[in-house]
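I open this notebook page to keep track of what I look up, entry by entry. The structure comes first, and my notes follow.

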Amino acid sequence: MKEIRLHGRGGQGAVLAAELMVVAAFEDGKYGQAFPAFGGERRGAPVQAFVRLDARPVRVRYRVNQPDHVIILDRMLPNTVDVLSGLKPDGLAFMDSEKSPATLLWSVDAPVYAVPATRIALEVFGQPFVNPAMLGAWAAVTREVSLEAIQRAYQHRFPGSLGEKNSRAAQKGYDFIRAGATPVQVKKSEQTPGGVIKWNREEVAGVPGQPLHFASVVAARTSLAYPTGSWRYSRPVVDPAACNGCGVCETFCPDSSLMIVDKQAIVDYGFCKGCGICAEECARNAIQMVIEEA
Amino acid sequence: MAHGKLSVMEGSMAIAQAIKACRPDVVSAYPITPQTHIIESLAQMVANGELDAEYIRADSEFSAASILAGASATGVRAYTASSSQGLLLMTEVIYYLARTRLPVVFTGANRQVTAPIGLQPDHQDTMSFRDAGIIELYVEDVQEAYDTHLQAFKIAEDHDVLLPVMVCVDGFVLTHVYEPVKTFEQADVDAFLPPYDPAHYMTPEKPMVFGSGTDDLNTMEFHYMNHQAVLRARDKIEAVAREYEAMFGHYHGGLIDTYATEDAEVILVAMGSVIGTLREAVDILRGEGVKVGLIKVRSFRPFPTEALKQAVGRAGAVAVFDRALSFGFQGVLATDVKTALYDAPHRPLVLGLMAGFGGREVNLDTVREIVQRARRALDAGRVPHEAEFIGLKTETLPQVFV
Amino acid sequence: MDESIISKYDEMLFTPGHRACPGCGASIAVRAILEATGPDVIVVSPTGCVETFTAQYPYSPWGVPWLHVLFENAAAVASGVEAALKKRGLADKVKVIVIGGDGGTHDIGLGALSGMMERGHNVTYICYDNEAYMNTGVQRSSATPMGASTMTSPAGTLAWGKEQPKKNLPAIALAHGIPYVATASIAFPKDLTRKVKQALAIKGPKYIEVHSPCPIGWGFDAAQTIEIARLAVQTGLVPLYEVSEDQPLQVRKLPKRVPVVEYLRLQRRFRHLFEAEGRQAYLNLIQAIADENVIRYKLGEQNSEIDQN
Ligand SMILES: Cc1ncc(C[n+]2csc(CCOP(=O)(O)OP(=O)(O)O)c2C)c(N)n1
Ligand code: SF4
Ligand code: SF4
Ligand SMILES: [Mg+2]
């Protein structure tokens, strides 16, 4: 049995990719199982999906804790989530990236294939739908399922031109590997991924790091220990010369992540989710959204 | 010891008197027979200035319970009463109160659950909260109803407990009966029951967030803590009953009460208003030389496992009177009694007897028949059916059921 | 965290670190509401997006006492909070508000809301209206506007989305004879904050409905949240008005109106109205709703008593 864990963000299609992996494997005569980590997570929040593939029906029903393969749909994730947690000694990882993943935070040594899935997706869709290229690359390396089965799964799921595009993106991911791409050997980093900001306020129950509160009551403002900055795809950059501190951006920021200090807008990148409202609403065009690079 | 005043009073009025003496801050309710007299009496007390409470006439039982959730989370003492459909309509809130550990006191004026719609008492309504994480106490007469309500707040609000308590009172049989009952002076009740001292409540000085979500990370731990609190209530119920006895001279049992169980061959187990009839029957049968005894289960949750094991002792058969049925299985109380006795040193035969559904009468003849059944089972060395329906009118059933 | 602003967090009533989707209109509404209430308030929320993204144990952005009980009872819970505050002698100091979604308000919680209003509790009930059940994945509510496609009112070859118009809950609230009813939009946060302040100054039950776009459920880019909210107002589909005992009807006038298609076209939930043939009739129906609002709420007449911030 092969166990695969997909990491992505809400809205990125990790669950869809997992589903289509199993559909494709079934086409190829295998059995399988795909399921999400259930939760009330919103768009942008880190999510996981799990896949098991086998020659016989899969019976176990728990999360994939010791994956053979890890597929990372978001290049920003490794620094905040321990994506390689439990990876088997001979395990493999696949990640959407055009750069070497070596500088990110990793919890174990492992071979990681950097697949330019975002670039492929932008070429094919004009939108960052990374999952078909990632599945194409994964199929090329592992040969767990055929490329054709993956393509058919997408076409079946999205009849018409969208299915065609997905199919083409999968092909491109596949070809990228076939052209001789090799994995980068990443090393266990000193800093652990996903370290939470230490909470050093009142020593009361209902605060992160303290014993549970008997009635599940939570202390005020504890979300300050839950940084959401990693949800961001692009960051607002304030031009100090253009900003006159009018505060429109502060009023409209849904995440209380932007404040006027001394007549200047200051963004807290620890929390800003990069929605772009501030840039959109600034009458003086003092804020630009810049794509985040891992 | 407090003297009190003995007078003839309707059960509902006695309960209302007890509630008044407990000084609830917020009362909210919605009328349903047979609970109505309780909440009407309280309304009148507020109208007359005898009770200084916020009395909120809710738009439904669901809202009434919700109002009390809000009140209790804001740190005040809260009370309601309901029956049957009304209790079921409160279900969602009752689960919430248990897990957020808000010590609201309820009177469950027992009534059968629709369909068919009917007004008579059984325990199907209150038993549906068996697994909600609350405390349930069942009472046998009006005096015990009065006394137990005073005890209920004390148990609920104890910081080792902090749980909703439902005092279950058989509708009509107890809510609408007039009998002598001793009520106590406000000063004496105040000495017994201190003002509510909330452990967690909402206030702007120290903002707290109530009712947060969680998942597989913490849910089991929160359930475990609720479970432990219900278990801790075992000692508290017993202790409060004794403290009450010391102050007021009344003791109706702690988790259980026993009657003539010492050398009994057959022991009856029951809850609620049938207990009086059973006490009478035991006396008569004992007079006839039948070795029969009685265990009253007063606390249904927490369940008195150890106390029951001890009280059953070496008896050969236990006959459980059930007024609630787990359809497709057996009586609810019988199930628990069997579970409790499974690893008893002497495991007796246990008869599960469906008796008193929809208020169907249980009288001395019924008890006589049941004791005979128990003795037949003892002779045979086994129990014929896991659920026997006492007084079932088979002649009225359609052919396929006979 | 940025050090230069870290100290500000200690005073904040709604801190960052909550889990709303990027660009969530409801969070903007919450911030504008708390701007009006200040710290001496107790907030009750029913189950829904705001509840879910602000209360995942042990993390919460609330800097004020906040209580979630269930989906369908926020108004009743708030009634109980108010009663308890009276008993604690805090009724004049601490305000009670509800911040609840349209599902918890227009649908499943309407009975409790009606009861709260009828009994006359001193509670300000604020509905953040994102026009569907978002927390469960975008299903229709009775506040979903006509023509919108949702997961349970999907457009299809035979269907063009929700067929019924939006429930007029402000009118239902008014019918209870309560002293203050208002509508607001996150596109006009100062107006929203002012209305909440206005409501808090009046004793008794108050109802405010805040139009709060949801990029996920409506299908638009997260950066567009305010623009979408603004267009909704400018088309006349979301009239902004307030009714109080002293002032029968105060409205935000629309000097120049925008045709509804310019609002609808930007949202995936209305896409089917533009893609298939023969859907013009439905667009006309939606335009007619806006036109009727203009007449009913006198949105067109010249009257600039209300500031147009
Ligand atoms: C009794 C009950 N039924 C259904 C649900 C599931 N549920 C939770 S939130 C929700 C929808 C909330 O919609 P709304 O009030 O509009 O808030 P939103 O999520 O859109 O912010 C539903 C259906 C529930 N929690 N309780
Ligand atoms: S992009 Fe701007 S408005 Fe959006 S979260 Fe970041 S700072 Fe706030
Ligand atoms: S689904 Fe909509 S309302 Fe809910 S958190 Fe996301 S953006 Fe906000
Ligand atoms: Mg909604």
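Are C:Asp102 and C:Asn130 buried or exposed? I looked up both residues, keeping in mind that this is a predicted model, and I found that C:Asp102 is buried and that C:Asn130 is buried as well.

C:Asp102 belongs to helix H5 (residues 102-107) of chain C, while C:Asn130 sits in the loop between strand S4 (124-129) and helix H7 (169-175) of that chain, so the pair ties together parts that are 28 residues apart in sequence.

Entry on ligand 3. I located ligand 3 between chains A and C, and I listed the residues around it, among them A:Arg42, C:Cys21, C:Cys24, C:Phe53, C:Asn130 and C:Ile216. Helix H3 (49-54) and helix H9 (215-218) of chain C are the elements that give two or more residues to this shell.

Entry on the two chains. I looked up the contact between chain C and chain A, to which chain C gives 45 residues and chain A gives 47. Together they bury about 4000 Å², with 59% of that area on carbon and sulfur atoms. I found 1 salt bridge across this interface, and I recorded C:Arg230 in a salt bridge with A:Glu281, where the closest N and O atoms are 2.5 Å apart.

Definitions and conventions:
Residues numbered from 1 in each chain as written. Chains lettered and ligands numbered in written order. Predicted model: local features only at pLDDT ≥ 70, side-chain atom pairs only at ≥ 80, totals over all residues. Heavy atoms only, no water. Helix = DSSP H or I, 4+ residues; strand = E, 2+ residues; numbered from the N terminus. Buried < 20%, exposed > 50% of the residue type's maximum accessible area, 1.4 Å probe, protein only. Near = heavy atom within 4 Å. Contact = heavy atoms within 4.5 Å. Buried area = accessible area lost by both parts, 1.4 Å probe. Salt bridge = Lys/Arg side-chain N within 4 Å of Asp/Glu carboxyl O.
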